[in-house]
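Here is a short briefing for a first look. Please have the sequence and the 3D view open as you read.

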Amino acid sequence: MSATESLRLRIQATELELDRLKEELRQAEAAEAEDLDAEASEGQPTDDTPWKWPLSADEYERYARQLIIPQVGVPGQLRLKKASVLVVGAGGLGCPAAAYLAGAGVGTIGLADDDVVEVSNLHRQIAHSTDKVGMHKVDSAIQFLRSLNPTIAFRAHRGRITSETAGAIISDYDLVLDCTDHPTSRYLISDACVVHGKPLVFASALQTHGQLMVMNYPPLPQGDPHGGPCYRCIFPKPSPPETVTSCGEGGILGPVVGVMGVLQALEAIKILASGNLGREGFKREDLGPAQMLLFSGHVAAPFRSVRMAGRRKACFACGEASGLTRESLGSGSVDYIQFCGVVPAVEILAPEERISPTQYREIAEGSTKHLLLDVRQVEHFGVSSLDGAVNVPYRTLLREEAGEGIVPAWMPPDLPATAPIYVVCRQGEESQYVTRKLKDSGLGRDGRFIGDIEGGMRAWKRDVDPTMPFT
Ligand SMILES: [Zn+2]
C-alpha cells in the first residue's frame, strides 16, 4: 500500500468516526433538553392546576423585591409590564436608565441612537464593552439589556431622531426619556412629546454636574394650564452656541452621568407604576410644585431642588396660542439647528488666514520667531500640547478686554511686533473666533500674520503626529 493510499484510508475511517460521534452528541443533547423541559415545568401550571395569578411564575420571582414595595405592588408591576418607554440616546444617561427600566420589567423598551461604540465611551456607558467597539450602540445596548431581562421586548431605532421621524417613533410609546446631549435634540424631543401627549423625563450631565426634570406631566393638551411644563417653558431660548459645552469638550465623570440616568429611570418607574398616566382629572397640581433636581458631585450636599413654574401661557410649544401641531412639526417647519444657533461647520476665516498642520510643522522646525496660541481648556492642554505653545483657554480669551493699545497679558514681551501668531484649538472652530478677535483688536496692524491651524489638534494628530494622546 502506498503512503498516499494509506493516508486516504485513515481519513475515511476518521470521517466515519466523526459522523458517529456527531450522532451520539445529537442524541445526548436531545435527552438533556427533555430533562430541562421537565425541570422548567415544575411549579408551572399544568392542565390539572390552571395558573390563576396575574403574573407568570418567572415574573413573581424576578420582581420579588420590587413587588412588595407599597408604591409598586402587583398593580404597579402589571402597569410596568404593559408600558412602553422610548430612550433617546444609548450613551452615558441612556445605558443606566435603560438597564434599570429593563430590570424593573417595563414591557417594551425602545432605544434610539445613530452612533457606534467608541473606547472613550466605556468609562460611563455601561451597557457597552470593549468587545463591542465599532458596533451600533443600539444593538450593543439591546444585547446587554436582553441578557439582563429576556422576558421583555426591545425595539431598535438606529438613526438620529429628526423632525420628520420624531412623531412616528414617539407616538408609539407611553413615555420618553431624553438621554441626548445636544440642545437641538432637546427642543425637538420636548416639542414632539408636547404634540403627541407624552410625558418626558429629561436629564443632562457635564463634568461633575447634572440636572433632572420631569416635563409635560401630566401630558394634557396644549393650552391646558393643568398640564406639566415643557422644556421650552423652562428654557424658552437656547444658550448661545459658543457657551454650549459638550461632554467631548468639557469632559464628564462616569458616576455623575450614571446617577442622572438612574434617576431618570426612577422617575419613569414612578410615573408608570402610579397609574396616574391617563387617569381622568389628574392635574399637575396633584403632584405638588414641579421641581428641577440639581446634582453636584463635588460638594458636601450633592442634591438640591429648585421649584419650577408651571406651563407658560405664552410657551411656543405648550402655550395657549401655540401653533405647533403634529403636522407642522413633522413637516420640518421648525428649524432646530437655526433656532439653537448651531452652525454645523464654522467658516469664519478665509483660506489665506489658515494654515495646515504640515505647514505649521515646517514653521515650527524653522527659525522664524512666532507665537503658537493654544486656546483649548487647561485640562486638554495638560494631556498633550505642541512644543512652545502658550495656553490661554478660549473662554478666558473671549472675556478679555481687547482694543487699540492693549497688549494681552499672555503676549511674550520679547515677541517681535511682526512675529506671526498661530492659533490652535481642538478641531479648528474656536481658533477661528479667536483669530478674528485678535485681528479686530489691532494685533495685526504692523503687518503681523495672525491665522489658525486648520482642523486643530485633531488634524495635527491625523497628519503630523499620530502618537499624540487625545481626549
Ligand atoms: Zn411649554
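How many residues of domain 1 are in contact with domain 2? Eight residues of domain 1 touch seven residues of domain 2, where contact means heavy atoms within 4.5 Å.

This is a predicted model, in which local features need pLDDT of at least 70, side-chain atom pairs count only at pLDDT 80 or more, and totals for chains, interfaces and linings use all residues. Residues are numbered from 1 along each chain as its sequence is written, and side-chain values use heavy atoms, with hydrogens and water left out.

**Domains**
- The protein chain is assigned domain 1 (83–339) and domain 2 (351–463); such bounds come from an automatic or database domain assignment.
- Their C-alpha centres are 39 Å apart.

**Interface**
- About 560 Å² is buried between domain 1 and domain 2, with 26% from carbon and sulfur atoms. Buried area is the accessible area (1.4 Å probe) that two parts lose on being put together, summed over both.
- On the domain 1 side, the residues touching domain 2 are one nonpolar, five polar and two charged.
- Zero salt bridges are found across this interface (a side-chain nitrogen of Lys or Arg within 4 Å of a carboxyl oxygen of Asp or Glu).

**Zinc site**
- Cys230, Cys233, Cys315 and Cys318 coordinate the zinc ion through their SG atoms, at 2.2 to 2.3 Å. Donors are N, O and S atoms within 2.8 Å of the metal (3.2 Å for Na, K and Ca).
- The donor residues follow the spacing C-x2-C-x81-C-x2-C.
- The arrangement is tetrahedral because the four donor atoms subtend angles of 92 to 120°; the term requires all angles between 85 and 135 degrees.

How values were computed: Ala, Val, Leu, Ile, Met, Phe, Trp, Tyr, Cys and Pro count as nonpolar, Asp, Glu, Lys and Arg as charged, and the others, Gly among them, as polar. Four donors count as tetrahedral if all angles lie between 85 and 135 degrees; four count as square planar and six as octahedral if opposite donors are over 155 degrees apart and all others between 65 and 115; anything else is irregular.
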